[in-house]
Structure formats: C-alpha cells, structure tokens
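Visitor: I would like to learn how to read a structure like this one. Could you take me through its features one at a time?

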Amino acid sequence: MEAFNAGTLAGAGSFHCDSCGFAVALQELDELPACPECGGNRFRRASLFESSTVEQRQIVADEPDWLEAAREALVAQGDYLAFETDDRVHVRPLQDGWTRVGRSLSAHLRFDDPTVSRRHALVYRDDAGARILDDRSLNGVFRNGERVELAELEDGDELAIGRYRLYFIRLSGRGLRAPESVSGAVG
C-alpha cells in the first residue's frame, strides 16, 4: 500500500464545529483540536454545496463590557478598531488608505494565532468611509455575524477575524468630549 503525504485524504481539509460553526483547516497528520470559539469537540467536513453554511451559523456576541469605556476614552475624530487580547483592550486608529490585518509579520494589525490567515483582511479608509475586504482568508471575515467578501463599515459593527472580535468605532463631531477647561479662565 502506498503512503500519501499530500492531497485531500481523509482527515485533511476544512471542517466546521457542529456547535458554533467555527471553521478550521487540518493537514492529514494534525490532531483534531477543541474548537477555539466554543470548546466543542465535534466537527464536520465543510462543503461548498452544503445548505447550512458557516455563514448562517455564525453568532454575533453581545457587545463586550469594555467597548463603551473604550469609546468614551477617545477624544479625536476618526475611525478605530477596538479589540481585546490577553485581558487588555486595544484601540487602533485607522489611517487613510489600506490597513493589513493578519498573522503575517507585515500586517499592520497582527494576530499571531492559527485561526487567522497570514493575509486575512484589508481595511480601506478614505473620505467616503471605511470598508473591509476578505483577503482570501481560510476562515473568512464576518461583519455582524454574516460572512462578507467586501462590506461598508458602520459605527458599532462587530468584525470576526479568526477567533478575534474587533469593533469598528467611528467618532465624529457629535459625541466628542470637549477639552477640560482651565479653572479661572475668562471666555
């Protein structure tokens, strides 16, 4: 009997969790992991022709407790991505042009995690707004629970990139805090 080291043999390919729909890719010698999203241990082979897809199963989580505090701490107008890793909240401003998101060392926003593709997503920002583009990722990009290839971003959108949840914040003139006034100053 011949041994095969490549291809789509049993055990290799894309699978999704039966509980939450999270997608994983396995090579033929990889052990089946616990689901990074829900901890489940039952997976099914993902199929392009299946009627119940990962997109339909992706669940939008409730807004995290830290998000409102992060929004209130911002003082400058602009667009931001906020996320939590290792019990720390990060808020990154988006510059005009492209922002690369992925596992690659060249990514502007880097997540060193196997659920994130090297080139996972691109965020484009200009005067017209901000958009997210799936950069041929394996696990996809989800906006508010729906898988997207290209989507306009609106304030409060939840983005799922691998196991990470990012929140798009648009801070405009309304809602900005006025600078603290100096006591005794005459206007």
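Guide: Let's begin with surface. Accessible areas come from the Shrake-Rupley method with a 1.4 Å probe, and for residues only the protein chains shown count as cover. By that method, the protein chain has an accessible surface of about 11800 Å², and carbon and sulfur atoms hold 49% of that surface. This is a predicted model, in which local features need pLDDT of at least 70 and side-chain atom pairs count only at pLDDT 80 or more, while totals for chains, interfaces and linings use all residues. Residues are numbered from 1 along each chain as its sequence is written, and side-chain values use heavy atoms, with hydrogens and water left out.

Visitor: What does the secondary structure of the protein chain come to?

Guide: Helices (H or I, at least four residues) and strands (E, at least two) are DSSP runs, numbered from the N terminus. Here the protein chain has two helices and 14 strands.

Visitor: How many of the residues count as buried?

Guide: Buried means under 20% relative accessible area, exposed means over 50%, and partly exposed lies in between (1.4 Å probe, protein chains only). In this chain of 187 residues, 41% are buried. For an example of the middle class, look at Glu146 in strand β11 (residues 146-148): Glu146 has a relative accessible area of 49%, so it is partly exposed.

Visitor: Which residues have the most contacts inside the largest nonpolar core?

Guide: In soluble globular proteins, nonpolar side chains tend to be buried together. A nonpolar core is a set of buried Ala, Val, Leu, Ile, Met, Phe, Trp, Tyr and Cys residues joined through side-chain atoms within 4.5 Å. The largest one here has 20 residues, and Leu81, Phe111, Ile132 and Leu166 have the most contacts inside it. At least two residues of this core come from each of β4 (78-85), β8 (121-126), β9 (129-134), β13 (158-161) and β14 (164-171). Strand β14 supplies the largest share, three residues. Apart from this core lies another, of nine residues, including Trp66, Leu67, Tyr80 and Ala82.

Visitor: What is Leu81 in contact with?

Guide: Contact means heavy atoms within 4.5 Å. Leaving aside neighbours within four places in sequence, the partners of Leu81 include His90, Val91, Leu109, Val123, Leu159, Leu166 and Phe168. Across the protein chain, of the contacts with a separation of 6 or more, 44% are between residues 24 or more positions apart.

Visitor: How many salt bridges does the structure hold?

Guide: A salt bridge is a side-chain nitrogen of Lys or Arg within 4 Å of a carboxyl oxygen of Asp or Glu. There are 10 of them here. One of them pairs Asp135 with Arg119, with the closest N and O atoms 3.2 Å apart. This pair links distant parts of the chain, 16 residues apart: Asp135 is in the loop between β9 and β10 (141-143), and Arg119 is in the loop between β7 (109-110) and β8.

Visitor: Is Asp135 buried or exposed?

Guide: Asp135 is at 9% relative accessibility, so it counts as buried, whereas Arg119, at 48%, is partly exposed. Another salt bridge joins Asp126 and Arg131 (3.1 Å, N to O). There Asp126 is partly exposed at 24%, and Arg131 is buried at 18%.
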